[in-house]
Amino acid sequence: MRIVVTGTTGFVGRALCPVLAARGHEVAALERGATGDLTTFADWPRVLSGADAVVHLAAIAHRRGVDEKRLRAVNVGVSTALGRAAADAGVRLLFMSTVKVHGEETRAAAFCETSAFAPADAYGRAKAEAEKVLRSIDGLKLTVIRPPLVYGPGVKANFLSLMRAIARGWPLPFARVETRRSLVYSGNLADAVGRCLEAPQAVGRTYLVSDSSALSTPALCRALGVALGVPARLFPFPLEWIEIVAPLRKLTRSLEVDDGAIRRDLAWVPPHSVEQGLRLTAGWFRRQDS
C-alpha cells in the first residue's frame, strides 16, 4: 500500500513512518519544506496521485504565539482541503484527532467513541470541527483516531517535565491523588494506525486508543521511577493546593478512555506494554539528558 503521511517531522510522525515501512508499506512523506504554508497549498491532487491512503497528522496546538484564527486555519482548513482531494481521488483518509474533542476530564465513566463533544480549548474545538466537516464530505473513506496523551521518545511538554522531576529526585505532591489517566505509547499509536489502514472495516469508523487500563498519578510516577532507575519521591498534599499550580492541574483530574471498539472490531492489541513503553521513553530521556 502506498501511504502519504503529513506531519512526518512531528512527534507522532517520526514514530509512525518506520512502523508503516516495517509493515511493508511504501511511505510518501509530505515534508513541510516542500509545501510551504499548508493553508495555501493547492497541489493535493499531485500529492495523492498513486496513493492508496493518506494519514493526516499535520496540525498545530494552541500554544503561546498562535491565535485561534491561525490554529483553525491549519487544523480545520487544511484538513478540509485534504479531505476533499482524498474523496475526489478515491484515497482513504485517516485523520488524527484527539480525545480532547470530548473534554479535559472524565467523571462517572470513561470516554468512548459516542461520548458527546465538549471541547474545552481552541485545539479541541478545531479538531472537533474538522471531524464534523470531514464526515460531511461525500464519498470520503474516512477513519478517525482519537488518542489521549501520547508519550514516547521525543515527548515534550508536561510528560517530559514529569520525567525530568522524577529523574532529578524532586519530591512531588501526588501521593494521595486518586485520578485515573489513559496514555498511549507512540509505538502503540503507530501500530493502531497501521491496523486501521489495513482493515477495510475501519472505513467510516472512529476509534479511541490507549495502552491498557488507566493509571493513577502516583502509579504513573512510580512506573516512571522504575523505568528511570530511581525512586519516585511522593508525599501527600491537599488536592486543592496542588490545583493552584496550572501545570499540575491535569495530574489531579481523571481522563480515561474506553478503547474496546478498536480491540473488538480489528482484534487490535498494543504491541508494547506500558512498562515497555515507559522503559523505551526513559532510555531516550537518559540519552538526551546525559
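1. D259 is buried at 8% relative accessibility, while R263 is partly exposed at 28%. Here buried means under 20% relative accessible area, exposed means over 50%, and partly exposed is in between (1.4 Å probe, protein chains only).

2. A word on the basis of this note. This is a predicted model, in which local features need pLDDT of at least 70 and side-chain atom pairs count only at pLDDT 80 or more, whereas totals for chains, interfaces and linings use all residues. Residues are numbered from 1 along each chain as its sequence is written, and side-chain values use heavy atoms, with hydrogens and water left out.

3. Back to the charges: the whole structure holds 16 salt bridges. One of them joins the side chains of D37 and R70 at 3.5 Å, N to O. D37 sits in the loop between α2 (32–35) and α3 and R70 in helix α4, so this bridge ties together parts that are 33 residues apart in sequence. Helices (H or I, at least four residues) and strands (E, at least two) are DSSP runs, numbered from the N terminus. Both partners are partly exposed: D37 has 32% relative accessibility and R70 has 37%.

4. D121 and K100 also make a salt bridge, with 3.0 Å between the closest N and O atoms. The two residues are 21 residues apart, and each lies in the loop between β4 and α5. K100 is buried, at 14% relative accessibility. Elsewhere, R23, D191 and E198 are linked in a network of salt bridges.

5. The loop between β4 (92–96) and α5 (122–135) also holds G103. This glycine is buried, with a relative accessible area of 5%. Its C-alpha atom is separated by 5.6 Å from that of A120, 17 residues apart along the chain. Leaving out residues up to four places away in sequence, G103 touches F111, A118, P119 and L255, where contact means heavy atoms within 4.5 Å.

6. Now the nonpolar interior. A nonpolar core is a set of buried Ala, Val, Leu, Ile, Met, Phe, Trp, Tyr and Cys residues joined through side-chain atoms within 4.5 Å. The largest one has 33 residues, of which W44, V54, L93 and L140 touch the most other members. Two or more residues come from each of β2 (26–30), α3 (44–48), α4 (68–89), β4, α5 and β5 (142–146), and α4 gives the most, with 8 residues. Beyond its neighbours within four places in sequence, V54 is in contact with V4, L48, L82, A86, V91, R92, L93 and L94. Another core lies apart from this one, with 28 residues, among them L57, L94, M96 and L266.

7. What do Y151, F159 and Y185 form together? They form one aromatic cluster. The structure holds 4 aromatic pairs (ring centres of Phe, Tyr or Trp, with its six-membered ring, within 6.5 Å; planes under 30 degrees apart are stacked, over 60 edge-to-face, the rest tilted). Y151 and F159 are stacked, at 5.3 Å centre to centre and 15° between the planes, and both are buried. Y151 and Y185 have centres 5.6 Å apart and planes at 45°, so that pair is tilted. It links strand β6 (residues 149–151), which holds Y151, with strand β8 (residues 183–185), which holds Y185, 34 residues apart. Y151 has 0% relative accessibility, and Y185 has 7%.

8. The C-alpha atoms of V155 and F285 are separated by 9.0 Å, the two being 130 residues apart along the chain.

9. Two backbone angles to check by eye. Most residues other than glycine have a negative phi. A157, in helix α6 (residues 157–167), has a positive phi of about 55° and is exposed at 57% relative accessibility. A267 has a positive phi of about 50°; it lies in the loop between α11 (260–266) and α12 (274–289) and is exposed, with a relative accessible area of 60%.

Key. A salt bridge is a side-chain nitrogen of Lys or Arg within 4 Å of a carboxyl oxygen of Asp or Glu.
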